[in-house]
Amino acid sequence: MDIDTIRIVSTQARCALGCRGSMSYENASTLFVDHVIFRPHDEVMNIVAGRVSGRPFRADVSDLVRATALELAYERGVGYATIENIAQRSGAAKSTIYRRWPNSASVLMDAFLSDISQEISYRDFGSVTDTFRHALSQLVTALSGKRRQLLRTLLGMAQMDEDLSGAFWERWIEPRRKEGIQFLKLARSRKEIRTDCDFDLILDILFGALYYRFMIPYREIDEDYINSLVENTFRSLLM
């Protein structure tokens, strides 16, 4: 267990044990030292999991920092998710955070992309129109509410920060475009769409329209809109 992990365990354990009930902070610290620091790693995990209520313990410092950054941003806005506040709430040292991310915006972008990418994936629904209809619907569902607000803010910040812009492309847009192209190639092999289709243009039309409404929410993105977008995009492309 490295020093940052120990610091995080210590912060959470002492808070949970010392700040609740009748046990004093000093006694909680002693309990932590006696029963955690000098025990094997597996026992440390069991003790913390069994004694500490609230946020689950995360052995990986990076995961904890990402989760904390998102919590702060969703609670009170991006401006509240500073390195200082992230460090204070997570228990991670500021020096550790700065070794992994250059600034709070980078932490947030990393956290957002790590969080959202777990919920988005292409699936084959038997036809190219059904496959992309599902992909668009899934994206709209995942990027709703506070997530959509955070997306707008991060994309705005990325216009002035090459690192953020690069991260958004490399970790989010590019991998999804590659997946989309694979499904378009599959549709072509099934003779669903014409052989002269421009795959990049198809994706630009489908997802460009969606992101336009994400960024400029002049109308809701509902099922009718998604159906119309897919049908009009593929109308002249189907065999």
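Axes are lines fitted to C-alpha atoms, for helices over the stretch in contact, and angles run from 0 to 180 degrees between N-to-C directions. Two packed helices are described by the angle between their axes and the distance between the axes. The model examined here is predicted.

In this model, the axes of H8 and H10 come within 10 Å and cross at roughly 160°. Angles over 145 degrees count as roughly antiparallel. H8 and H10 are therefore roughly antiparallel to each other. Their crossing is right-handed. On the H8 side, the contact is made by Val128, Thr131, Phe132, Ala135 and Leu139. On the H10 side, Trp172, Arg176, Gly180, Phe183, Leu184 and Ala187 take part. By class, eight residues of this contact are nonpolar, two are polar and one is charged.

Helix H10 (residues 162-189) also packs with helix H7 (residues 104-117). The axes of H7 and H10 come within 10 Å and cross at roughly 15°. Angles under 35 degrees count as roughly parallel. H7 and H10 are therefore roughly parallel to each other. H7 passes H10 in a right-handed crossing. H7 contributes Ala105, Ser106, Met109, Asp110, Leu113, Ser114, Ile116 and Ser117 to the contact. H10 contributes Leu164, Ala167, Phe168, Arg171 and Trp172. The contact of H7 with H10 holds eight nonpolar, three polar and two charged residues.

A further partner of H7 is helix H4 (residues 61-76). The axes of H4 and H7 come within 9 Å and cross at roughly 100°. Angles of 65 to 115 degrees count as roughly perpendicular. H4 and H7 are therefore roughly perpendicular to each other. From H4, the residues involved are Val65, Arg66, Ala69, Leu70, Ala73 and Tyr74. They meet Val107, Leu108, Asp110, Ala111, Phe112, Ser114 and Asp115 in H7. Nine residues of the contact between H4 and H7 are nonpolar, one is polar and three are charged.

Arg66 lies in helix H4. Beyond residues up to four places away in sequence, Arg66 touches Trp101, Asp110, Ala111 and Ser114. Arg66 and Ser90 are 24 residues apart along the chain, and their C-alpha atoms are separated by 9.4 Å.

The largest pocket has a volume of about 210 Å³. Its lining consists of Tyr122, Leu139, Phe168, Trp172, Ile173, Arg176, Arg177, Leu203, Asp204, Phe207, Gly208 and Tyr211. H10 and helix H11 (199-215) are the elements that give two or more residues to this lining. Eight of the lining residues are nonpolar, one is polar and three are charged. Trp172 of H10 takes part in the contact with H7 and in the contact with H8, and Trp172 also lines the largest pocket.

The count comes to two cavities of 30 Å³ or more. The second largest cavity has a volume of about 40 Å³. Asp124, Ser127, Val128, Thr131, Phe183, Ala187, Arg190 and Glu192 line this cavity. The elements that give two or more residues to its lining are helix H8 (128-142) and H10. Its lining has three nonpolar, two polar and three charged residues. Val128, Thr131, Phe183 and Ala187 of this lining also belong to the contact of H8 with H10.

Methods. Residues are numbered from 1 along each chain as its sequence is written. This is a predicted model: local features need pLDDT of at least 70, side-chain atom pairs count only at pLDDT 80 or more; totals for chains, interfaces and linings use all residues. Side-chain values use heavy atoms; hydrogens and water are left out. Helices (H or I, at least four residues) and strands (E, at least two) are DSSP runs, numbered from the N terminus. A crossing is left-handed if the near helix is turned anticlockwise from the far one by less than a right angle, and right-handed if clockwise. Contact means heavy atoms within 4.5 Å. Ala, Val, Leu, Ile, Met, Phe, Trp, Tyr, Cys and Pro count as nonpolar, Asp, Glu, Lys and Arg as charged, and the others, Gly among them, as polar. On a 1 Å grid over the protein atoms alone, a cavity is a set of points where a 1.4 Å probe fits but cannot get out, and a pocket is an open set with protein on both sides within 12 Å along at least five of seven lines; lining residues have an atom within 4 Å of a point. Grid points are joined across faces, edges and corners, and a volume is the space filled by probe spheres set on the points.
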